[in-house]
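Here is a short note to read alongside the model, written so that each point can be followed in the viewer. Please keep the sequence open as you go.

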Amino acid sequence: MELEAQASDRMDTEECTPTPLQRELPVIRRLDEAVVNRIAAGEVIQRPVSAVKELVENSIDAGSTSLTVLVKDGGLKLIQVSDDGHGIRYEDLPILCERHTTSKLSKYEDLQSIKSMGFRGEALASMTYVGHVTVTTITKDQLHGYRATYKDGVMGCEPKACAAVKGTQIMIENLFYNMAARKKTLQNSADDYSKIVDLICRFAIHHTSVSFSCRKHGAARADVQSVSKSSRLDAIRSVYGVSVAQNLLKIEVSDDPSSSSFKMDGFISNSNYIAKKIAMVLFINDRLVECGALKRAIEIVYAATLPKASKPFIYMSIKLPPEHVDVNVHPTKREVTLLNQEIIIEKIQSAMESKLRNSNESRTFREQKVDPLDNSVSTSKAASTPPSSFGTKPQKVPVHKMVRTDSQDPAGRLDAYMQSTQSSQMQRNSCLASMRSSIKERRNSRETADLTSIQELVREIDSSCHTEFLDLVGHCTYLGMADDVFALLQHNTHLYLANVVNLSKELMYQQVLRRFAHFSAIQLSVPAPLWELIMLALKEDELEPEGGEQENLREKIAEMNTKVIKQKTEMLEEYFGIHIDQDGNLSRLPIVLDQYTPDMDRVPELLLCLGNDVNWDDEKACFQTIAGAIANFYAFHPPLLPNPSGESLQFYKRASSGDPEQGSTSHSADDIPEEQLEQDLFSEAERAWSQREWSIQHVLFPSMRLFLKPPTSMATDGTFVKVASLEKLYKIFERC
Ligand code: ADP
Ligand code: MG
């Protein structure tokens with residue numbers, strides 16, 4: 001009893017001094033309604049463009065056919081949206097801007113079938129918490145309209161009768177007047193108006209029955225002006241310009257006709273459309289949304305099929321049964337989640353891929369250039385100081401040090417060979433050569449893919465495709481690398497080990513044949529002499545001591561191979577994008593897989609294969625062996641430096657067991673302490689290995705999913721090994 005009395009005492013005397021315990025604990029209070037609303041409003045209306053989007057959506061929901069947007073000071077001073085829609089009833093004006101007042105939804109179940117863009121009844125309310133809102137509206141058959149002003153969700157005074165034209169005009173002034181920090185950041189950013197223009201452009205090409213205009217306050221001309229009832233292509237032309245509209249391909253995809261649950265139609269840019277950024281306009285059930293997964297998937301298709309035009313313009317309208325779209329996932333309804341998203345994305349990807357491949361009649365030619373002077377000092381230093389762990393002979397410089405790839409640079413670097421004095425001349429020559437070849441290309445656009453031997457090789461790929469493995473690579477989940485060569489995959493309830501070297505080699509081989517005579521180029525920073533490269537490859541092959549007869553023999557073989565390759569330069573360039581200049585220097589390599597630079601340490605091996613292993617007498621065999629050599633060069637081999645995270649850590653430790661004292665003292669540039677060198681080697685190896693693993697996950701597997709047709713031979717050559725069935729594993733666990 002006494003305790004109870006004390007407790008109620010404390011509750012009654014809220015104002016009295018708190019006990020020490022009370023002072024330490026945070027007190028929970030109910031927030032002021034106005035504070036709650038302003039916080040919520042700040043989320044819904046993040047920038048002026050979010051207010052414009054809400055207002056435009058309201059106008060479209062009101063059945064408008066004409067819509068005008070006027071903006072002052074990037075939207076901070078004024079946003080005014082006028083429409084010719086059905087207007088707002090006089091009786092509704094008092095609660096119009098209260099939170100959760102809407103004409104579009106009455107019970108939760110309606111969400112399942114909702115067609116309007118709004119439904120939360122939050123937008124107008126939010127605007128009144130962060131700006132001053134004035135609404136002028138007239139409904140059908142009324143003689144005059146009404147005007148009302150709103151602040152913090154509440155109507156200012158009785159609506160005033162006024163003259164009005166059909167529809168509604170909503171004006172927001174002084175946006176964020178009460179949110180100083182946000183206003184300041186927005187005032188400093190100049191791009192809010194362009195964001196608004198971009199938004200209206202998007203709406204204009206989708207809602208072709210509505211005419212849109214968007215204008216800056218005081219400007220004589222509108223920045224967007226569309227005409228209602230125009231065709232989609234006309235709308236795109238008038239909004240985005242002729243240069244976009246003339247380079248578009250129409251695309252349509254639908255589910256099997258019986259179920260009719262998914263339909264997509266749109267326009268996608270072709271190989272002539274070159275832009276710096278991807279432009280993606282996506283509507284799902286007429287709602288302007290974003291879908292990161294779909295965007296990434298589209299980027300992959302373009303990078304793989306039209307590398308030169310890999311920043312496309314995309315307009316897509318997807319229709320799905322409303323119950324398949326969860327519109328309620330995002331407060332501003334911007335990101336959506338779809339049922340069967342993966343399947344839909346795959347369907348779109350494959351339709352786009354075949355559309356783009358069919359349209360890609362003209363050749364693609366792209367060059368990646370590297371400044372030969374850039375970074376050359378540090379590289380040549382590295383090349384001249386080989387780590388001791390590679391043996392004592394100075395000639396036996398590891399290839400990865402001589403032919404150096406820069407992981408920061410997608411084009412790779414090959415500059416350890418040359419003195420910089422020679423390089424500028426060579427660079428000029430190679431520029432000239434590349435210009436000549438691109439001119440030749442334009443003048444002589446003969447269709448090379450109709451060579452029957454290439455067609456036959458491609459047909460062989462198709463006909464020997466193993467359907468089960470096709471499904472496996474198409475639908476597996478990459479779990480990680482199990483060791484240096486095998487990746488662990490999950491497909492349905494099975495786990496597999498897959499040999500990434502074999503798989504990548506096959507993928508590259510198929511890509512070389514598919515891209516035959518259509519390669520983009522990797523430009524080497526400095527052309528590299530064939531003979532020396534082949535000599536390097538020959539030395540790598542043998543462990544015998546150098547000098548004497550062996551050396552003579554090697555030199556002869558290198559000479560012969562160089563000669564063979566030099567005789568075939570024209571064909572190698574035209575069909576395979578391998579450019580060798582007049583002085584016998586390799587200067588360009590083909591891009592076989594976009595977003596992936598091959599390991600330049602393997603260039604010598606590639607050249608040795610070309611000189612030694614190609615059957616030049618028979619056309620088909622010749623193309624096949626060259627494709628094989630390039631594929632081998634491009635394959636995801638383990639890097640030449642041992643994996644520092646595996647057992648080979650010893651490799652780096654062993655060499656650092658030199659005099660530790662020496663390691664800590666300072667040295668001249670030529671006399672780098674051994675320990676430091678090993679550290680360099682170690683971090684270089686770490687970088688190479690982690691970059692490879694990243695590429696396997698993010699480039700190899702997504703590309704295989706799209707392009708690889710696994711041959712039946714993979715059923716027996718150990719490329720795939722089934723390691724476990726998850727069902728069986730679960731059973732074992734259950735028993736345990
Ligand atoms: P929601 O769109 O989610 O319903 P809003 O706050 O955006 O919520 O709008 C509240 C209501 O105001 C809408 O449901 C609609 O009835 C009405 N409304 C808003 N803008 C217009 C407009 N331009 N024309 C006609 N009615 C409008
Ligand atoms: Mg709305």
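The points below take up some strands, a pair of helices and the surroundings of a ligand, in that order.

1. Please bear in mind throughout that this is a predicted model, and that every value in this note was computed from it.

2. Begin with strand β1, residues 66-72, which pairs in the parallel sense with strand β8, residues 211-216, over six bridges. If you wish to find the pairing in the viewer, look for S66, whose bridge partner in β8 is S211.

3. Strand β1 also pairs with strand β2, residues 78-83, but here the two run antiparallel and are joined by six bridges. One of the residues to look for is K72, which has L78 as its bridge partner in β2. The hairpin that β1 and β2 form has five residues between the strands, and in it D73 takes a positive phi near 55°.

4. Turn next to helix α15, residues 452-463, and helix α17, residues 500-514, whose axes come within 10 Å and cross at roughly 145°. The crossing in which α15 passes α17 is left-handed. On the side of α15 the contact is made by I454, L457, V458 and I461, while α17 brings Y509, Q510, L513 and R514. Sorted by class, this contact of α15 with α17 has six nonpolar residues, one polar and one charged.

5. Which residues come nearest to ligand 1? Of the 21 residues around the ligand, they are N58, T102, S103, K104 and G121. An N or O atom in the side chain of N58 is 2.8 Å from an oxygen atom of ligand 1, and for the side chain of S103 the corresponding distance is 2.5 Å. In G121, by contrast, a backbone N or O atom lies 2.8 Å from an oxygen atom of ligand 1.

Methods: Residues numbered from 1 in each chain as written. Chains lettered and ligands numbered in written order. Predicted model: local features only at pLDDT ≥ 70, side-chain atom pairs only at ≥ 80, totals over all residues. Heavy atoms only, no water. Pairing = 2+ DSSP bridges. Helix = DSSP H or I, 4+ residues; strand = E, 2+ residues; numbered from the N terminus. Axes fitted to C-alpha atoms, helices over the stretch in contact; angles between N-to-C directions. Left-handed = near helix turned anticlockwise from the far one by under 90°. Contact = heavy atoms within 4.5 Å. Nonpolar A, V, L, I, M, F, W, Y, C, P; charged D, E, K, R; others polar. Near = heavy atom within 4 Å. Polar contact = N/O pair within 3.5 Å; in protein donor to acceptor, adjacent residues only side chain to side chain.
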